[in-house]
Amino acid sequence: MPDWKQQPHRRFNPLTGDWVLVSPHRTQRPWQGQVEKSAAPAAQPYDPACYLCPGNARAGGMRNPPYTGTFVFENDFAALKPDIAPHHADQGGLIVARSERGTCRVVCFSPRHDLTVARMEVPEIRAVVDTWCGQYAEIGALDSIRYVQVFENRGEMMGASNPHPHCQIWANETLPNEVAREQAHQAAYLKGRGTCLLCDYLALEAAARERIVVENEAFTVLVPFWAVWPFEVLLVSKRHVGAMRDLDDPARTALADILKRLTTRYDNLFETSFPYTMGFHQRPTGREPHPEWHFHAHYYPPLLRSATVRKFMVGYEMLAAPQRDITPESAAARLREAPERHYLDG
Ligand SMILES: [Zn+2]
Ligand SMILES: [Zn+2]
Ligand SMILES: [Zn+2]
């Protein structure tokens, strides 16, 4: 058995079929890279210049209502539109395009400009969970929609232009790349073994307990064996459910609880408002039951060793394969040991 804590090796991602190169011996090398400024947390509960705050005007000319909970609106500069005439182009299988219908919405988590999920109360996050479930049902009921992607970009480092706590929902008529790959691998696993890929994986992780960060009665958060980003985590429902809307009432509250506990640990790790991109993966909408799908979320944070030093996916990673130095096991240990109480709360 090789020493995986010391020797370079590859790890397999069974959800996508990708491999990641792990190089734990490199963590001692000196760092002379860029030092980035830490993003200051938003201080004001209301910002008159913010296009997401209640009552404010948006760039598209609309005005937000004086909302007091969550608030959903159609993206004023949507990447997808519902009323596109179908067309298809194909020149010898080399120049290929097809029309794509869809919709893009924005969900404000709170009227408070200065909050983040880590700083919201569990009942407030639970209201966001209920909004996500409602949106999945509403958008998923449209004939033109096959997949509903909920995602959040948090922090300037991830390109989030506005600190107001919000996420986006993009829904379209075909499965996006990542979702299609995960669906294919989950379906093949179910067909081959008669069991669910993520149920089986969760059982292995629960026995090993080496990569688990935090858990509650309904969810486990772990650094997956095949993680690419330094502090990447996978949030998995303990019960086999295909979509967030299949969660019962206690499990929805448990989801709100685990989201707060995870993001608090993230913030505490480097005592900064931890940037990330995250999103939920769940079964496609439509009539097929999709028993292979197991509801989960991915968090991909860019930070590597401090509030200012991030990982870049360049060079070998763009040309060949992703690579990491810090092992998923040590990343999980550091997140597990991060305090449960937010550093701003003293
Ligand atoms: Zn705002
Ligand atoms: Zn499952
Ligand atoms: Zn996934």
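Glu340 is partly exposed, with a relative accessible area of 42%. I begin with this residue of the predicted model and turn next to its partner. The side chain of Glu340 meets that of Arg265 in a salt bridge, at 2.4 Å from N to O. Arg265 lies in helix α4 and Glu340 in the segment after α6 (328–337), so the pair ties together parts that are 75 residues apart in sequence. Arg265, for its part, counts as buried, at 7% relative accessibility.

Let me stay with helix α4. Asp257 forms a salt bridge with Arg261, and the closest N and O atoms are 3.2 Å apart. Both residues belong to helix α4, where they are four residues apart, about one turn of the helix. Asp257 counts as partly exposed at 21% relative accessibility, and Arg261 counts as partly exposed at 23%. With the boundary for buried residues set at under 20%, these two values fall in the partly exposed class.

To what is Asp249 joined by a salt bridge? Its side chain meets that of Arg126, with 2.9 Å from N to O. Arg126 lies in helix α1 (residues 122–140) and Asp249 in helix α4 (residues 249–270), so this pair ties together parts that are 123 residues apart in sequence. Arg126 is buried, its relative accessible area being 14%.

How many salt bridges does a search of the whole structure find? The search finds 24.

I now move to the metal sites, and take the zinc ion (ligand 1) to begin with. Its protein donors are Cys50 and Cys53, each through SG, together with His113 and His164, each through ND1. These donors lie 2.0 to 2.3 Å from the zinc ion (ligand 1). Is the site tetrahedral or irregular? The angles among the four donor atoms run from 102 to 116 degrees, and the site is tetrahedral. For reference, the ideal angle for four tetrahedral donors at a metal is 109.5 degrees.

Along the chain, the donors of the zinc ion (ligand 1) follow the spacing C-x2-C-x59-H-x50-H. Cys50 lies in the loop between β2 and β3 (71–74), and His164 lies in the loop between β7 and β8, so the pair ties together parts that are 114 residues apart in sequence. Cys50 counts as buried at 3% relative accessibility, and His164 is buried as well, with a relative accessible area of 0%.

Since Glu182 lies in helix α2 and His281 in strand β12, the pair ties together parts that are 99 residues apart in sequence. Glu182 counts as buried at 1% relative accessibility, and His281 is buried with a relative accessible area of 8%.

The space in the largest pocket is about 760 Å³. Which elements each supply at least two residues of the lining? They are β2 (19–22), β7 (147–154), β8 (166–172), α2 (177–193), β12 (276–281) and β13 (296–300). By class, the lining holds 15 nonpolar, eight polar and seven charged residues.

I close with two backbone details. Most residues other than glycine have a negative phi. Arg209, although not a glycine, has a positive phi of about 55 degrees. Arg209 lies in the loop between α3 (197–208) and β9 (212–215), and is partly exposed, with a relative accessible area of 43%. His290, likewise not a glycine, has a positive phi of about 50 degrees. Is His290 buried or exposed? His290 lies in the loop between β12 and β13, and at 9% relative accessibility counts as buried.

Technical notes:
Residues are numbered from 1 along each chain as its sequence is written. Chains are lettered from A and ligands numbered from 1 in the order in which they are written. This is a predicted model: local features need pLDDT of at least 70, side-chain atom pairs count only at pLDDT 80 or more; totals for chains, interfaces and linings use all residues. Side-chain values use heavy atoms; hydrogens and water are left out. On a 1 Å grid over the protein atoms alone, a cavity is a set of points where a 1.4 Å probe fits but cannot get out, and a pocket is an open set with protein on both sides within 12 Å along at least five of seven lines; lining residues have an atom within 4 Å of a point. Grid points are joined across faces, edges and corners, and a volume is the space filled by probe spheres set on the points. Ala, Val, Leu, Ile, Met, Phe, Trp, Tyr, Cys and Pro count as nonpolar, Asp, Glu, Lys and Arg as charged, and the others, Gly among them, as polar. Buried means under 20% relative accessible area, exposed over 50%, partly exposed in between (1.4 Å probe, protein chains only). Donors are N, O and S atoms within 2.8 Å of the metal (3.2 Å for Na, K and Ca); water is not among the atoms, so sites may look incomplete. Four donors count as tetrahedral if all angles lie between 85 and 135 degrees; four count as square planar and six as octahedral if opposite donors are over 155 degrees apart and all others between 65 and 115; anything else is irregular. A salt bridge is a side-chain nitrogen of Lys or Arg within 4 Å of a carboxyl oxygen of Asp or Glu.
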